[in-house]
Amino acid sequence: MARLSIRKVAYRGEKWSFESPWLGDGLQILVGRNGAGKSTFSNLIYYCLGGRVTSFEQNDKAHHREIVSDSKNYVELLVEIDSVQFRLKRYFNSNEIGIQQANGDVEVFSVTRSKDNTRVFSDWMLERLGIDPVTLYYGAYVGKINLTDLFRLIYHDQSPIRLESLSVLTAIRSLPIPRSSRRPYSSCCLEKVFKTTIRLLLP
């Protein structure tokens with residue numbers, strides 16, 4: 001399984017801009033007073049990796065004023081996957097993530113899956129990490145696990161846990177009864193999910 005490292009975080013807009021220093025190997029600790037931007041920093045990473053951050057949305061009562069009032073704004077991550085660099089870019093209020101490779105080639109993927117978008121950003125990322133996008137069968141829910149599902153195990157946005165988070169956790173922790181039309185799950189699949197979670201958390 002590959003190693004994902006986040007090396008730089010940048011926010012750019014017409015009113016505001018920010019760029020982190022180089023984030024080396026090892027544990028990174030953010031220290032600051034309430035309102036200094038620690039949660040925003042984490043939310044920018046999560047958003048650029050395909051997550052939904054409600055405080056970045058205009059209609060949210062507790063929206064992030066500086067980001068919502070800015071224009072032409074986006075977040076950019078410089079990441080390394082087994083020492084190969086990629087630049088990820090996602091505009092606010094956008095459902096697409098651009099991926100620039102070291103040679104300058106750019107691919108654009110949708111964040112959400114649909115009939116028109118069968119291959120999404122999460123599929124690209126999980127493939128690069130060497131993780132099979134396991135299909136979850138949980139009650140009426142059937143869908144591929146994605147990167148943000150894994151991040152729910154290690155990322156906490158200080159909001160009450162959502163029902164879908166509980167559903168994903170329950171589905172991962174329980175083995176569904178295999179049917180003839182389904183590929184039975186082995187303990188290897190679940191082991192991969194948890195190993196991935198630990199690998200994303202630790203350097």
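Helices here are DSSP runs of H or I with at least four residues, numbered from the N terminus. With that in hand, let's look around this predicted model.

**The helix in the middle of things**

Start with helix α1, residues 38-48. Of its 11 residues, 8 are buried, so the helix is largely enclosed by the rest of the structure. The buried ones are T40, F41, N43, L44, I45, Y46, Y47 and C48. Just after α1 comes G50, which takes a positive phi of about 105°.

**The core**

Now for the largest nonpolar core, which has 37 residues. Inside it, L49, L88, F121, W124 and M125 have the most contacts. At least two core residues come from each of β1 (4-12), α1, β3 (74-81), β4 (84-91), β5 (96-101), α3 (121-129) and α4 (147-151). The largest share, 6 residues, is supplied by α1. As a rule, nonpolar side chains in soluble globular proteins tend to be buried together.

Zoom in on L88 and you'll find, leaving out residues up to four places away in sequence, a list of touching partners that includes C48, L49, F121, W124 and M125.

**A buried serine**

S110 and F121 are 11 residues apart along the chain, yet their C-alpha atoms are separated by 5.9 Å. Beyond its neighbours within four places in sequence, S110 is in contact with N95, E96, N117, V120 and F121.

**Out on the surface**

V31 belongs to the loop between β2 (17-19) and α1, and with 78% relative accessibility it counts as exposed.

**Salt bridges**

The count of salt bridges comes to 11. Here are three of them:

| D25 | R3 | 3.0 Å |

D25 is exposed at 53% relative accessible area, whereas R3, at 25%, counts as partly exposed. Both D25 and R3 also belong to a salt-bridge network with R7 and E80.

E19 lies in strand β2 and K8 in strand β1, so their bridge ties together parts 11 residues apart in sequence. E19 is partly exposed at 38% relative accessibility, K8 is partly exposed at 27%, and R12 is partly exposed at 27%.

Conventions. Residues are numbered from 1 along each chain as its sequence is written. This is a predicted model: local features need pLDDT of at least 70, side-chain atom pairs count only at pLDDT 80 or more; totals for chains, interfaces and linings use all residues. Side-chain values use heavy atoms; hydrogens and water are left out. Buried means under 20% relative accessible area, exposed over 50%, partly exposed in between (1.4 Å probe, protein chains only). A nonpolar core is a set of buried Ala, Val, Leu, Ile, Met, Phe, Trp, Tyr and Cys residues joined through side-chain atoms within 4.5 Å. Contact means heavy atoms within 4.5 Å. A salt bridge is a side-chain nitrogen of Lys or Arg within 4 Å of a carboxyl oxygen of Asp or Glu.
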